[in-house]
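Please open the structure in your viewer and keep the selection tool at hand. The tour goes from one stop to the next.

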Amino acid sequence: MSDDDVYLSPEELGEDAPAGEGEEGDEHDKIQVFPLNKETIIDGLSLLCQTGKRLEHAFIKLDLKDKALTDIVAISSYIHIRFLDLSNNYISDLSPLAPMTHLLWLKVDTNSVTSLKGQPLAEFTFLQWLSVASNQLVDIEGLVGPSLETLILSELRANQLETTSGFDLPNLRKLYLAQNFIKRLEGLEKLERLITLHLRDNQLETLEGLCSEMKSLQYLNIRGNAIAEGDALRSLRLLTNSLKTLVIAENPIVDTLIYRPSVLILLPQLERIDKETITLKERTEARRAIRELQEEEEAPV
């Protein structure tokens, strides 16, 4: 898979493809769910490392995916865990994780988390990678993470975010929001270090909300949205100093406009549009068009 078509499918996140709606209900009725116990934890532990207290060692990786867990109270005493996978369970409350302040990597995909408010994310001061894909989130209130660099909130089945408002994550480098219901780009001013923004398969009709403060953004994927007119792309000009790759396929504008030249006039520094590298001919023609536009603007009335 090429960089310009990053798409977090269930398979790519290590999950099975979702079943059909009817199948899911029948299957859920058959599944027996369990609270977490010590035996299950021991089976999932790996990666023995020194804790920092003389010769003391502890396991720092814990894999608890696909255990049909309803609660994780028993996990509270495993304070040295740094890598934790809780995917494909029935967990809604993450508060038992609060003592695990050494967490660096946390995956909670395909669970029953409805809100991040009241969850112990503020305790994870070293957390760098977080995935909460395919839960039941409708907003990101409560999302904090001073060290967070990668955040995955792609729907995949259930998350229903409608806006990007609320991302106060100054160190965030990669943000994946594919397959939500996002209609508005808001509150992106604080993402000054963001390199990758993935918004595939949402409901954007305009890119208004992109801002010059996003001075590190190099990769933007807006594939499969509802952008239909050239004017909707004007905000791309604010990314002139950084953006290298733009993925815009499967928007209505692709069928109604010769969009590559239009995009290049806005972003002459681009290296790729969709999967195609910018050719020398395209770049030369774009520069010529830019000069002509500048001459028209400077011409006396």
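What follows is a list of selections, each with a note on what is there.

This is a predicted model, in which local features need pLDDT of at least 70 and side-chain atom pairs count only at pLDDT 80 or more, while totals for chains, interfaces and linings use all residues. Residues are numbered from 1 along each chain as its sequence is written, and side-chain values use heavy atoms, with hydrogens and water left out.

**The whole chain**

Start with everything shown as a cartoon. The chain has 5 helices and 14 strands. Both are DSSP runs numbered from the N terminus: helices are H or I with at least four residues, strands are E with at least two. Of the 301 residues in the chain, 45% are buried. Here buried means under 20% relative accessible area, exposed means over 50%, and partly exposed is in between, with a 1.4 Å probe and protein chains only. Among the contacts with a separation of 6 or more, 41% join residues 24 or more positions apart; a contact means heavy atoms within 4.5 Å.

**The sheet**

Select the strands next. In what order do the 12 strands of the open sheet run? The order is β2-β3-β5-β6-β7-β8-β9-β10-β11-β12-β13-β14, and the pairing is mixed. Two strands pair if DSSP finds at least two bridges between them. The edge strands are β2 and β14 (276-277), each of which pairs on one side only.

Select residues 45-50 and 57-63. These are β2 and β3, which pair in the antiparallel sense over 5 bridges. The two strands form a hairpin with 6 residues between them, and in the turn Gly52 has a positive phi of about 105 degrees. Cys49 stands opposite Ala58 in β3. Cys49 is partly exposed, with a relative accessible area of 22%.

Leu62 stands opposite Leu84 in β5.

Another cysteine to select is Cys211, which is buried with a relative accessible area of 8%. The structure has 0 disulfides, a disulfide being a pair of cysteine sulfur atoms within 2.5 Å.

**Two tryptophans**

Show the side chains of Trp105 and Trp129. The structure holds 1 aromatic pair. Trp105 and Trp129 form this pair, which is stacked, at 4.5 Å centre to centre and 5 degrees between the planes. Rings of Phe, Tyr and Trp (its six-membered ring) pair if their centres lie within 6.5 Å; planes under 30 degrees apart count as stacked, over 60 as edge-to-face and the rest as tilted. Trp105 lies in strand β6 (residues 105-107) and Trp129 in strand β7 (residues 129-131), so the pair ties together parts that are 24 residues apart in sequence. Trp105 is partly exposed, with a relative accessible area of 26%.

**Loops and a parallel pair**

Select Thr110, in the loop between β6 and β7. Thr110 has a positive phi of about 55 degrees although it is not a glycine. Is Thr110 buried or exposed? Thr110 is buried, with a relative accessible area of 18%.

Move on to residues 150-152 and 174-176. These are β8 and β9, which pair in the parallel sense over 3 bridges. In β9, Tyr176 is the bridge partner of Ile152. Then select Gln179, in the loop between β9 and β10 (196-198). Gln179 is not a glycine either, yet has a positive phi of about 60 degrees.

**A leucine and its contacts**

Select Leu236, in the loop between β11 (219-221) and β12 (245-247). Leu236 is buried, with a relative accessible area of 0%. Which residues is Leu236 in contact with, leaving aside its neighbours within four places in sequence? They are Leu207, Leu210, Leu220, Leu243, Leu246 and Leu267. From Leu236 to Leu246 the separation is 10 residues in sequence and 9.8 Å in space, C-alpha to C-alpha.

**Helix α5**

The last selection is residues 280-298, helix α5. Its buried residues are Arg283, Ala286, Ala289 and Ile290. They cover an arc of only 125 degrees around the axis, which puts them on the same side of α5; the arc is that of the directions from the helix axis to the C-beta atoms. The buried residues of α5 pack against α4 (259-266). On the other side of α5, Leu280, Lys281, Glu295, Glu296 and Glu298 are exposed.

Key
Expected span 1.5 Å × (residues − 1).
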